[in-house]
Amino acid sequence: MRISAKADYAIRALVELAADVQRPLVCEGIAAAQHIPYRFLKSVLRDLRRTGLVRSQRGCEGGYWLGRAAATITLADVFAAVDGELLTIHGTDPSDATRVPGVTAVWRAIQARTEEILMGVTIADLLTDNPPEPAATLLRLPLGAPA
């Protein structure tokens, strides 16, 4: 599976915002803290703002904040905001991509499992050193153990 730079940067930016909810953060600060190219981050934040995952304010007191509580923003929300569909085959739904029933079943299973994991992990889960429950379960780690 390929994770786009846009999705990776969006998640990292949201974690940065979630770690400091007391004040707005400026794009330059987020970019520097997370080693994200500034111009690319501006585009990512625009997508996140458009979907309500972040909010922003201009001016000397401005910056970016989370649009919702970190515990309510799932990774599935983030992927949908910046990449659209979670799994496509040649730009189409996995069910329409092939006429081979066994292959279609595998693509659907991958899609269902991916969605299950991404819906089960929130931005708040990523603020700790412990892997979130879906990751711990798949990796067969005890909950609360560092990865």
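Is Q34 buried or exposed? Q34 is buried, because its relative accessible area is 18%, and buried here means under 20% relative accessible area, exposed over 50%, and partly exposed in between (1.4 Å probe, protein chains only). Q34 is found in helix α2. Leaving aside neighbours within four places in sequence, Q34 is in contact with R12 and E16, where contact means heavy atoms within 4.5 Å.

A word on the ground rules. This is a predicted model, in which local features need pLDDT of at least 70 and side-chain atom pairs count only at pLDDT 80 or more, while totals for chains, interfaces and linings use all residues. Residues are numbered from 1 along each chain as its sequence is written, and side-chain values use heavy atoms, with hydrogens and water left out. Helices (H or I, at least four residues) and strands (E, at least two) are DSSP runs, numbered from the N terminus.

**The nonpolar core**

In soluble globular proteins, nonpolar side chains tend to be buried together. A nonpolar core is taken here as a set of buried Ala, Val, Leu, Ile, Met, Phe, Trp, Tyr and Cys residues joined through side-chain atoms within 4.5 Å. The largest one has 33 residues, and L14, L17, L41, L48, V78 and I123 touch the most other members. Two or more residues each come from α1 (5-19), α2 (27-34), α3 (38-50), β2 (63-66) and α4 (75-83). Helix α1 gives the largest share, nine residues.

Beyond its neighbours within four places in sequence, V78 is in contact with A7, A10, I11, L14, L53, I73 and I123. The buried residues of α4 are L75, A76, V78, F79, A81 and V82. After α4 comes G84, whose phi is positive, near 80 degrees.

**Helices α2 and α3**

Helices α2 and α3 pack at an angle of about 115 degrees, with their axes 9 Å apart. For such values, axes are lines fitted to C-alpha atoms, for helices over the stretch in contact, and angles run from 0 to 180 degrees between N-to-C directions. On the α2 side the contact is made by C27, E28, I30 and A31, and on the α3 side by Y38, L41, K42 and L45.

**One aromatic pair**

Rings of Phe, Tyr and Trp (its six-membered ring) pair if their centres lie within 6.5 Å; planes under 30 degrees apart count as stacked, over 60 as edge-to-face and the rest as tilted. By this rule there is one aromatic pair. The rings of Y9 and F40 have centres 5.3 Å apart and planes at 80 degrees, so the pair is edge-to-face. Y9 lies in helix α1 and F40 in helix α3, so the pair ties together parts that are 31 residues apart in sequence.

**Accessibility of some residues**

| Residue | Relative accessibility | Class |
|---|---|---|
| Y9 | Y9: 15% | Y9: buried |
| F40 | F40: 29% | F40: partly exposed |
| T74 | T74: 14% | T74: buried |
| A135 | A135: 26% | A135: partly exposed |

T74 lies in the loop between β2 and α4. Not counting residues up to four places away in sequence, T74 touches L118, M119, V121 and T122. A135 has its place in helix α7 (residues 133-139). A135 and L118 are 17 residues apart in sequence and 9.8 Å apart in space, C-alpha to C-alpha.
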